[in-house]
Amino acid sequence: MRAPAPPGPRLLLLLGALGAMRLPGPLCASSGAPAGPAQAEDVAELEFSTERPLYRVSPAFLSFTIDANLATDPRFLTFLGSPKLRTLARGLSPAYLRFGGTKTDFLIFDPKKEPTFEERSYWESQVNQDICKSVSLPYDVQKRLQLEWPFQEQSLLREQYQKEFKNSTYSRSSVDMLYAFANCSGLDLIFGLNALLRNADMHWNSSNAKLLLDYCASKGYNISWELGNEPNSFWKKSGIFIDGLQLGEDFIELHKLLGKSTFKNAKLYGPDVGQPRGKTVKLLRSFLKVGGEVIDSVTWHHYYLNGRIATKEDFINPDVLDTFILSVQKIFQVVEETRPSKKVWLGETSSAYGGGAPLLSNTFAAGFMWLDKLGLSGRMGIEVVMRQVLFGAGNYHLVDENFEPLPDYWLSLLFKQLVGTKVFMASVKGTGKSKLRVYLHCTNTNHPRYREGDLTLYALNLYNITKRLQLPDQLFNKQVDKYLVKPSGPDGLLSKSVQLNGQTLKMVDDQTLPTLTEKPLRPGSSLGLPAFSYGFFVIKNAKVTACI
């Protein structure tokens with residue numbers, strides 16, 4: 001029997017980087033004030049290591065999804081024609097837009113299917129117009145769909161909960177609607193193909209995929225591809241069992257199909273497994289051995305909680321946040337042992353599975369999980385993180401059913417504007433630091449206010465007292481811009497709107513996002529972070545060589 005391979009350089013670096021972090025354990029209180037006089041001290045000294053980056057993430061690091069269940073009734077894809085929704089999506093560009101989810105494996109392309117009345121009304125309103133110019137959805141169509149959406153949403157969530165999925169078909173018009181949304185919003189579309197279409201010998205039947213590829217090629221569409229969603233749970237969803245070896249062969253088949261089409265240079269991602277437990281790890285390992293060579297990145301999914309039983313306390317519990325670390329380590333271990341050169345992407349992720357946690361996943365409280373996951377992912381070498389969902393059924397969306405941005409949308413917009421691709425190690429000196437979580441990147445130099453060499457620190461305070469962050473000595477006298485995010489209104493952590501530096505964030509109009517305005521701090525002052533808040537601090541003129 002062959003001895004297990006020693007950990008690769010990426011894994012060693014990963015473990016080294018985690019040395020400064022505290023893994024889950026009994027010493028971490030989940031709520032309440034910290035005990036003892038030493039821990040109650042509100043000044044926190046920070047340590048940075050900026051000689052060289054730990055990792056470099058993609059410019060599309062923060063990406064997002066549209067769940068394939070939106071196409072269950074293709075009428076509702078017409079929502080993607082909303083100029084307001086497109087404005088919000090464009091604000092998060094560059095990004096990937098993944099069209100995928102459980103319903104991926106129950107959708108069948110029918111090129112002969114006629115568009116729905118709603119889709120036809122939308123396309124007719126676009127005649128002689130630039131498809132990417134902001135032409136509103138026909139008013140009566142939008143109102144009807146918005147009135148019917150709550151019933152459709154309940155139907156989709158019931159189907160998901162009962163795990164009783166029916167096949168449905170989508171038309172050329174549905175594909176056009178999805179592609180126009182991505183293209184007009186500056187997003188790169190990743191389309192999930194149905195992996196449950198099987199021949200009698202259980203090999204993947206690629207005939208429907210070929211129909212779709214031919215149509216997309218005829219339109220000149222630029223699309224990347226996936227095959228299947230969470231193959232580890234195919235048996236639960238459909239009574240079909242596919243092992244990693246078969247799935248690897250299916251991906252090789254798809255890769256050959258792409259090679260024979262105009263998509264020969266298209267990217268292929270997979271296998272979009274669920275969290276790395278037991279049989280899922282076995283499936284991932286055997287898939288990578290057989291089919292790993294043909295994929296461009298390894299994709300997996302992560303949720304912290306079951307949305308039906310999650311509590312507010314879970315959302316602000318550092319022990320819960322730390323569980324993500326162990327999942328990432330397990331994925332990297334499998335990748336290092338099988339395909340050590342492959343990039344790892346979080347292909348679908350949010351706070352809680354099952355559509356999210358009602359009255360939690362769409363509130364300010366969800367931001368702690370989202371920002372911490374982004375910070376840990378960057379620090380641990382994940383290249384892209386895809387948030388479930390931009391818009392759609394459930395409670396974990398970034399934009400609600402009336403196209404109003406929710407707290408995690410504003411947090412994502414801030415992240416996009418302020419955070420660059422190079423990641424450094426940052427930590428809090430002393431003990432009890434798991435409730436004060438800090439992350440450090442080069443600043444995004446596309447921001448007109450900042451330049452190469454600047455640093456962006458982002459931090460979460462899970463203490464119920466204000467913490468004052470103290471920069472390392474070499475940066476102590478630098479000018480710092482603060483972007484502090486707090487809930488707006490009386491609902492506190494459960495608020496669905498946020499303030500940035502005291503100003504409530506809202507769109508100027510359907511085509512215009514607000515300016516995210518900084519608060520300059522006096523050089524040498526500590527960086528105040530109130531109880532249960534998060535924020536970004538841009539350290540100007542830091543002159544960090546690795547950021548130049």
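In the predicted model, helix α8 and helix α9 (residues 278–291) cross in a right-handed sense, packing at an angle of about 40° with their axes 7 Å apart. On the α8 side, the contact is formed by G244, L245, L247, G248, E249, F251 and I252, which meet L283, S286, F287, V290 and G291 of α9. By residue class, the contact of α8 with α9 comprises seven nonpolar, four polar and one charged residue.

A right-handed crossing is also found where α12 passes α13. Helix α12 (residues 366–380) and helix α13 (residues 407–418) pack at an angle of about 30°, and their axes are 10 Å apart; because angles under 35 degrees count as roughly parallel, α12 is described as roughly parallel to α13. The residues in contact are A366, G367, W370, L371 and L374 from α12, and D408, L411, S412 and F415 from α13, a set that divides into six nonpolar, two polar and one charged.

For helix α2 (residues 83–91) and helix α5 (residues 172–184), the packing angle is about 50° and the axes lie 9 Å apart, an arrangement that makes α2 oblique to α5. L85, R86, A89 and R90 of α2 contribute to this contact together with A180, F181 and C184 of α5, and the contact of α2 with α5 contains five nonpolar, no polar and two charged residues.

Side chains of opposite charge can pair when their charged atoms come close, and a search of the whole structure identifies 21 salt bridges. Among them is the pair formed by E159 and K103, whose closest N and O atoms are 3.0 Å apart. Since E159 lies in helix α4 (residues 139–162) and K103 in the loop between β4 (95–100) and β5 (107–109), this pair ties together parts that are 56 residues apart in sequence. E159 has a relative accessible area of 13% and is therefore buried, while K103, at 3% relative accessibility, likewise counts as buried.

D250, a residue of helix α8 (residues 244–259), forms a salt bridge with R198 in which the closest N and O atoms are separated by 2.7 Å. R198 belongs to the loop between β7 (187–193) and α6 (207–218), so the bridge ties together parts of the chain that are 52 residues apart in sequence. D250 and R198 are both buried.

A salt bridge is also formed by R437 and D372, with the closest N and O atoms 2.7 Å apart. This pair links distant parts of the chain, as R437 is in strand β14 (residues 436–443) and D372 in helix α12, 65 residues apart. R437 and D372 are both buried. Beyond these pairs, a network of salt bridges links D73, R75, E118, R144 and E148.

With a relative accessibility of 1%, V298 counts as buried, and, when residues up to four places away in sequence are not counted, V298 touches G270, P271, L284, L288, V335, K342, K343, V344 and W345. The C-alpha atoms of V298 and I382, which are 84 residues apart along the chain, are separated by 10.0 Å.

P271, one of the residues touched by V298, is found in strand β9 (residues 268–273), and the peptide bond that leads from G270 to P271 is cis, with omega near 5°. A cis peptide bond is also found from S93 to P94, with omega near 0°, and here P94 is placed in the loop between α2 and β4.

Positive values of phi occur at residues other than glycine, including M202, for which phi is near 75°, and F532, for which phi is near 50°. M202 is located in the loop between β7 and α6 and, at 32% relative accessibility, counts as partly exposed. F532 occupies the loop between β21 (527–529) and β22 (533–539), and its relative accessibility of 23% means that F532 also counts as partly exposed.

Key
Residues numbered from 1 in each chain as written. Predicted model: local features only at pLDDT ≥ 70, side-chain atom pairs only at ≥ 80, totals over all residues. Heavy atoms only, no water. Axes fitted to C-alpha atoms, helices over the stretch in contact; angles between N-to-C directions. Helix = DSSP H or I, 4+ residues; strand = E, 2+ residues; numbered from the N terminus. Parallel < 35°, antiparallel > 145°, perpendicular 65-115°, else oblique. Left-handed = near helix turned anticlockwise from the far one by under 90°. Contact = heavy atoms within 4.5 Å. Nonpolar A, V, L, I, M, F, W, Y, C, P; charged D, E, K, R; others polar. Salt bridge = Lys/Arg side-chain N within 4 Å of Asp/Glu carboxyl O. Buried < 20%, exposed > 50% of the residue type's maximum accessible area, 1.4 Å probe, protein only.
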